[in-house]
Amino acid sequence: MSPATLDSRLDGVVGGRTASALEKAFEMRTVRDLLWHLPRRYSNRGELTPLLGLPIGEHVTVLAQVLDVRERRMQRRNGKLLEVRITDGIGTLQLTFFNQAWRANDLRAGARGIFAGKVSEYRGQLQLQHPDYELFDRNDETVGGETIGELQKEELDQAAARAFAERPVPIYPATARLPSWSIQKAVELALDALDAVEDPLPREIRDAEDVIPLAQALERVHRPERDDEWRRARDSLRFREAFELQLALLDRRRQLGLAAGTPRPRVDGGLLDAFDAGLPFELTAGQREAAAAISAELAEPHPMHRLLQGEVGSGKTVVALRAMLQVAEAPVAGPAGDGGGQSALLAPTEVLAAQHFRSITEALRAESASTEALRAESASTEALRAEPASTEHSADDAPGHDLLDRVRPVLLTSKMPVAERRRALLEIASGSARIVVGTHALLSEGVSFYDLGLIVVDEQHRFGVEQREALRLKGAEPHVLAMTATPIPRTVALTAFGDLETSVIRELPAGRRGIETFAVPVLEKPAWAERAWRRATEEVAAGRQVYVVCPAIADNTREEGDEDPAVGSESGEPGESGAAAARPLASVEQTLAELRARPDYAGVGVGALTGAMRPEEKAAVMRAFAAGELDVLVATTVIEVGVNVPNASTMIVRDADRFGISQLHQLRGRVGRGEHPGLCLLLTTAEPGTVARERIEAVAATSDGFELAERDLELRREGDILGTAQSGGRSTLRLLRVAEHGELIEHARRLRRRCSTAIQISRVRPALPRCCVARPSSGGSTTWRSRDAGRDDPARRHAPPSRLVVMSSIAVVPGSFDPVTLGHLDVIRRAATIFDELHVLVVHNPGKSAMLPIAERVNLLQKSIDEDPEMPDNITVASWSVGLLVDYCTEVGANVLVKGIRSQIDVAYETPMVLMNRSLAGVETIFLLPEPSHSHVSSSLVRQVAALGGDVSEYVPPAVAQFLDKTRPA
């Protein structure tokens with residue numbers, strides 16, 4: 001067998017069956033994947049586990065002696081069972097082997113060795129089924145032809161036992177079907193087959209940091225002879241992981257810095273100045289510093305990627321709104337010729353999205369008194385008393401609302417009435433709405449922005465990377481501002497957010513009163529729990545209001561997305577098993593009934609709020625609570641963020657141990673927001689000394705969110721650092737733990753900055769294929785740019801269309817055209833001026849639903865082309881539903897496909913197909929952009945708006961508009 005490399009496939013090294021098992025269990029495909037599956041611990045054979053205390057269900061390794069062996073026929077199935085009892089001198093353990101009588105030749109009474117397997121129990125007897133073992137006892141050994149005496153034999157046995165027992169045994173993360181020793185054997189095969197390993201870490205760094213070479217580290221971490229070998233190998237690999245992680249983050253930051261974004265500079269005397277002039281309060285020093293950094297980055301020609309973190313109520317929203325106003329009037333081409341881009345504020349819940357929308361709407365009105373809401377990052381009491389805000393604004397609303405009229409904010413959620421949703425989608429697509437506030441609905445395919453310049457993600461930890469990326473792809477490299485009220489420890493910021501610039505707001509606005517927090521152990525101090533409920537009535541009698549928070553809506557039904565720390569997460573985050581997880585959750589439904597039944601709550605207005613309620617019901621409850629019509633609000637975590645009722649002074653959290661530290665810190669931030677100090681009572685049944693109780697006591701001990709973040713990190717694990725997961729659960733880091741190795745991470749970061757040697761990161765991205773992008777200039781002419789691995793080619797830049805004709809005189813423009821839009825016609829028209837013959841192909845995908853039948857799409861496309869006076873006459877319209885596009889190209893003699901794109905991001909999306917078409921048939925691909933005024937409206941948006949009965953005539957050819965008008969729903 002030829003030597004293997006780290007990138008060799010496993011099936012050629014360990015065999016197909018083992019490779020298949022490894023891939024299924026751990027997604028391993030290469031030798032690199034296998035060798036980076038590191039032991040989770042090491043078992044020294046001399047450190048014996050007493051047989052009487054073996055944990056059932058655990059893999060163990062024990063040193064023992066065979067006591068007796070017997071074979072018997074199985075009663076319920078054919079075959080024989082070999083039963084071997086082993087002992088450590090005190091207890092016994094049974095080994096069982098099915099139909100393996102030959103093992104009796106090795107496992108004779110008196111034989112000693114190491115036995116490893118998973119402990120199970122059968123009829124009260126602990127046993128190992130089909131264990132792995134290695135014996136070191138041999139009979140009748142001789143030296144120099146003489147029989148060894150009993151004393152010599154015992155000494156040799158002891159020496160062999162010591163040598164064997166002192167060699168560390170690696171214990172790997174394993175599965176029931178793929179035990180640790182099977183993985184160990186596969187690793188040994190890979191190490192034996194491995195050729196010389198090139199070390200990507202320069203020699204000077206290895207010497208300076210006392211890091212052993214990579215090949216040696218892999219050998220010693222998997223096959224150590226002594227404990228000191230695997231310890232040094234592990235330390236070396238941990239340093240490599242920290243250093244390579246920082247290099248990857250640096251690489252990501254450089255890529256972001258190289259991306260071409262649209263500058264959004266501040267305009268003197270514009271919207272932002274007018275907004276600042278109307279603020280009834282002074283920004284804190286932290287707000288001013290963060291705002292200045294954001295403003296400067298928005299003006300750069302590269303997209304901003306910044307994390308804004310701060311305590312609950314520190315005023316992050318007003319900083320974000322200032323950024324959105326700057327983008328709204330930045331001097332770039334706009335829908336009305338007055339410049340300005342759009343901003344999207346993504347919120348995790350409908351309640352928070354509605355609060356943000358009301359806050360922004362009120363803050364932008366000329367009567368700036370209501371901008372007090374921004375100090376609380378949410379709606380003011382007066383805003384909550386009002387009817388639900390409409391998503392429409394016009395100049396007739398009231399005189400002097402210049403900011404509101406120019407920015408025209410809209411709200412978009414999945415549960416909006418059809419008419420409001422249709423109006424919102426049209427305002428977003430047309431660009432008249434400069435600020436868009438929404439939930440996950442913003443991520444849906446039917447939402448299209450005219451010019452998305454800034455994305456603000458509130459409570460960014462509530463969204464996965466893929467969700468944030470889905471919104472980013474709706475613009476051409478927009479600026480991104482992520483916000484969190486859950487402070488992030490420095491070590492996590494260096495690791496998970498090393499590619500982001502970070503701003504921190506530590507101060508709270510003037511006038512805020514403190515919050516006292518107390519743990520109330522219900523089982524140990526039942527009188528304290530009763531006192532908590534009486535304290536709530538005292539607050540109500542004093543004219544104040546109370547929140548009661550429960551982990552469940554009803555019958556153990558939690559809010560969607562909430563995880564119970566008592567049982568852990570699906571991703572594998574450890575929880576507190578046992579009684580805590582089994583205990584029923586306190587629910588809103590149960591608590592509401594209990595409070596209404598209490599005599600001392602007679603006359604107290606009690607209401608409920610959960611995520612399961614309809615939007616209008618939630619809005620009505622919040623208005624009633626804000627207006628003082630409700631004294632006590634029993635709610636789930638829907639009030640965690642975005643709710644501001646200054647008169648609410650007290651919060652009681654039931655089953656507080658069923659919430660995480662960050663959740664509890666967020667929840668208690670809902671009280672103490674007015675003139676009265678806040679009080680938070682954490683009711684818990686968690687026992688002293690448990691992790692759940694530690695969380696409660698940590699929150700009660702301090703109100704410093706940054707200190708709590710460090711404590712939170714100690715109690716849970718970090719998540720997928722460079723992947724798609726958020727924090728918590730299974731970590732993609734193999735050896736690094738950011739809670740434990742903060743100093744190493746910081747050292748690696750400093751070293752990365754000082755290092756002048758070019759270090760090659762092992763994960764190299766494939767180069768983009770060579771393709772051409774046509775960009776229309778302001779004068780209507782076409783500027784050509786050739787791309788090879790994403791870089792401009794000066795030889796082809798500004799080349800006339802004739803330079804492209806050499807590729808082919810015939811081209812094909814494929815598309816679904818369901819329906820055809822004005823953007824489609826732009827692409828077709830430009831392609832027809834480049835090529836002698838153009839085939840426009842209406843592609844039918846049988847596996848995808850369509851609004852229009854393929855025959856109707858062909859008819860409307862042909863009619864739209866015929867009615868366009870600027871369209872050349874070298875176009876053939878056809879349909880295609882069988883085979884690959886390159887098959888059609890072969891039929892008509894074309895070797896160029898023309899793809900219409902709305903942004904350069906689409907090029908990356910199309911790259912795999914471009915490579916395949918070139919490989920299969922030598923067909924090249926060029927990309928053309930439509931006119932800017934048409935590039936932001938997709939067929940999917942037209943379909944959605946048309947289905948809702950909206951007017952799409954502004955975005956489609958007249959023939960299509962007439963057809964859709966006839967079929968528009970009443």
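**A reading in questions and answers**

Modeller: T821 is buried, with a relative accessible area of 3%. This comes from a predicted model, and T821 lies in the loop between β27 (810–815) and α26 (822–834).

Colleague: Leaving aside its neighbours within four places in sequence, which residues is T821 in contact with?

Modeller: T821 is placed in the loop between β27 and α26, and its relative accessible area of 3% falls under the 20% cut-off, so it counts as buried. Once the neighbours within four places in sequence are left aside, the residues in contact with T821 are S938, S939, V942, Y955, V956 and P957.

Colleague: Stepping back to the protein as a whole, what share of its residues is buried?

Modeller: The protein has 31 helices and 31 strands. Among contacts with a separation of 6 or more, residues 24 or more positions apart account for 73%. Of the 970 residues in the protein, the buried share is 53%.

Colleague: How many residues apart are Y42 and W230, the two members of an aromatic pair?

Modeller: The structure holds six aromatic pairs. One of them joins Y42 and W230, whose rings are 4.1 Å centre to centre with 15° between the planes, and this pair is stacked because planes under 30 degrees apart count that way. The pair links distant parts of the chain, with Y42 in strand β1 (residues 41–44) and W230 in helix α7 (residues 227–258), and the two are 188 residues apart.

Colleague: Are Y42 and W230 buried or exposed?

Modeller: Y42 has a relative accessible area of 14%, and W230 has a relative accessible area of 10%. Both values are under 20%, so each of these residues counts as buried.

Colleague: By about how much of the helix are F239 and F243 separated in α7?

Modeller: F239 and F243 form a stacked aromatic pair, 5.9 Å centre to centre and with 10° between the planes, and both residues are buried. An α-helix has 3.6 residues a turn, so residues three or four places apart point the same way. Because F239 and F243 are four residues apart in helix α7, their separation is about one helical turn.

Colleague: Which residues do ring pairs link into a cluster?

Modeller: A ring may also lie under a charge, as where the charged end of R32 sits over the ring of W36, 6.0 Å from its centre. The cluster that is linked by ring pairs consists of F97, F115 and Y133.

Colleague: How far apart are the end C-alpha atoms of helix α10?

Modeller: Helix α10 (residues 316–328) is mostly covered, 13 of its 13 residues being buried. At 1.5 Å a residue, its 13 residues should span 18 Å, and the modelled helix agrees with this because its end C-alpha atoms are 19 Å apart.

Colleague: Is E530, the salt-bridge partner of R598, buried or partly exposed?

Modeller: The closest N and O atoms of R598 and E530 are 2.7 Å apart, and the pair links distant parts of the chain, with R598 in the loop between α19 (588–597) and β20 (606–609) and E530 in helix α17 (residues 526–541). R598 counts as buried at 19% relative accessibility. E530 has 33% relative accessibility, so it counts as partly exposed.

Colleague: Which residues do salt bridges that share partners join into one network?

Modeller: The count comes to 38 salt bridges. One of them is formed by the side chains of E617 and R614, at 3.2 Å from N to O, and E617 counts as partly exposed because its relative accessibility is 30%. The residues that shared partners join into one network are R266, D273, D276 and R322.

Note on methods:
Residues are numbered from 1 along each chain as its sequence is written. This is a predicted model: local features need pLDDT of at least 70, side-chain atom pairs count only at pLDDT 80 or more; totals for chains, interfaces and linings use all residues. Side-chain values use heavy atoms; hydrogens and water are left out. Rings of Phe, Tyr and Trp (its six-membered ring) pair if their centres lie within 6.5 Å; planes under 30 degrees apart count as stacked, over 60 as edge-to-face and the rest as tilted. Buried means under 20% relative accessible area, exposed over 50%, partly exposed in between (1.4 Å probe, protein chains only). A charge sits over a ring if NZ of Lys or CZ of Arg is within 6 Å of the ring centre and within 35 degrees of the ring normal. The expected span of a helix is 1.5 Å times one less than its number of residues. A salt bridge is a side-chain nitrogen of Lys or Arg within 4 Å of a carboxyl oxygen of Asp or Glu. Contact means heavy atoms within 4.5 Å.
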